[in-house]
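Visitor: I would like to learn how to read a few features of a protein model. Please take them one at a time.

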Amino acid sequence: MIGTLISPDLFIVLATGSFIIGYLIINQMLLRMAMLMGSSFFIACYATVAAEPLWGAILSSFLMILANLTGLAGLYARRAPWSIPKRHRDIARHFPHLPPGDIRTLLRHADRQVLRAPRVVTREGIRPRSVVFVLNGHMEVHKQGRHFFLPPGLFAGEVAYLLRQPSAATTTLPLGTEFLEWPMERLDRICRRRPRFKLAMEAAMSRDLASKVAGAVAMSEWDAQTAKPA
């Protein structure tokens, strides 16, 4: 009785318990670890339940383990700081709420550039052609007769993109501004193909909007020449 319980039956109980725990866990890393344990216990069961190992069932469980390990490697890479190219790691500080994998996805489809002349990136009442994120410098904004400046670390054109409507302000980037740019057509095309990219971009834009509302940066708080707090 004890020998029977220890060999196949105990492995079945442990495997089933591991899978049940995995199904109840939301964290993807822990869920996959539980699945790995369950598959391992099933392999042990298939190897001892009969006089000869059940090679077909063992092979199937082993393939499930390989697939699970591949998924674990992808999750780890998505969270690993080294997944962001060295030349772009300075940008990560602007998106502390996003895992490195999502930041890498955003950067892969962005154009990073420094202006050699002032550029208007949005015009009030007109849908912009691209969304930009200012890395260094500032934004000069004209909105409903008001004129003010916004600091770096913010988007321009994100409201028009999210709401599918014309821009609510005219935004100009001065000479020397460093920024990221995503053309609207490229964003739409990539978002249709890659739901994860869409979620990452919308999460970054939503956080940007929340910070603008919470901060309510007034024109008197920023100097036009230095783009530093007055």
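**Reading the model**

Guide: Start with exposure: Val13 is exposed, at a relative accessible area of 54%, where exposed means over 50%, buried under 20% and partly exposed in between (1.4 Å probe, protein chains only). This is a predicted model, in which local features need pLDDT of at least 70 and side-chain atom pairs count only at pLDDT 80 or more, while totals for chains, interfaces and linings use all residues. Residues are numbered from 1 along each chain as its sequence is written, and side-chain values use heavy atoms, with hydrogens and water left out.

Visitor: Where is the place of Val13?

Guide: Helices (H or I, at least four residues) and strands (E, at least two) are DSSP runs, numbered from the N terminus. Val13 lies in helix H1, residues 2–24.

Visitor: Is Asn68 buried or exposed?

Guide: Asn68 is buried, with a relative accessible area of 9%, and belongs to helix H3, residues 55–79. Contact means heavy atoms within 4.5 Å. Not counting residues up to four places away in sequence, Asn68 touches Arg32, Met35 and Leu36.

Visitor: In what order do strands E1, E3, E6 and E8 form their sheet?

Guide: Two strands pair if DSSP finds at least two bridges between them. Here 4 strands make an open sheet with antiparallel pairing, in the order E1-E8-E3-E6. E1 and strand E6 (155–156) are at the edges with a single partner strand each, so one side of each has no neighbour in the sheet. Helix H6 (residues 184–193) packs on this sheet and touches E1, E3 and E8; its direction makes about 60° with that of E8. Axes are lines fitted to C-alpha atoms, for helices over the stretch in contact, and angles run from 0 to 180 degrees between N-to-C directions.

Visitor: How many bridges join E8 to strand E1, and how many join E8 to strand E3?

Guide: Strand E1 (residues 111–114) is joined to E8 by 4 bridges, and strand E3 (residues 130–136) by 6; both pairs run antiparallel. Glu181 in E8 is the bridge partner of Asp111, and Val132 also stands opposite Glu181. Strand E8 (residues 178–183) is mostly covered, with 5 of its 6 residues buried.

Visitor: What is the order of the sheet that contains E4 and E5?

Guide: That open sheet has 4 strands in the order E2-E7-E4-E5, with antiparallel pairing. Strand E2 (119–122) and strand E5 (146–150) are the edges; each has a single partner strand, so one side of each is without a neighbour in the sheet. On average, neighbouring strands of this sheet are turned by 25° against each other, direction ignored. Strand E4 (residues 139–143) is linked to E5 by 5 bridges, and Val141 has Phe148 in E5 as its bridge partner.

Visitor: How many disulfides are there?

Guide: A disulfide is a covalent bond between the sulfur atoms of two cysteines. The rule used here asks for a pair of cysteine sulfur atoms within 2.5 Å, and the count comes to 0 disulfides. Cys45 is buried at a relative accessible area of 4%, and Cys191 is buried at 10%.
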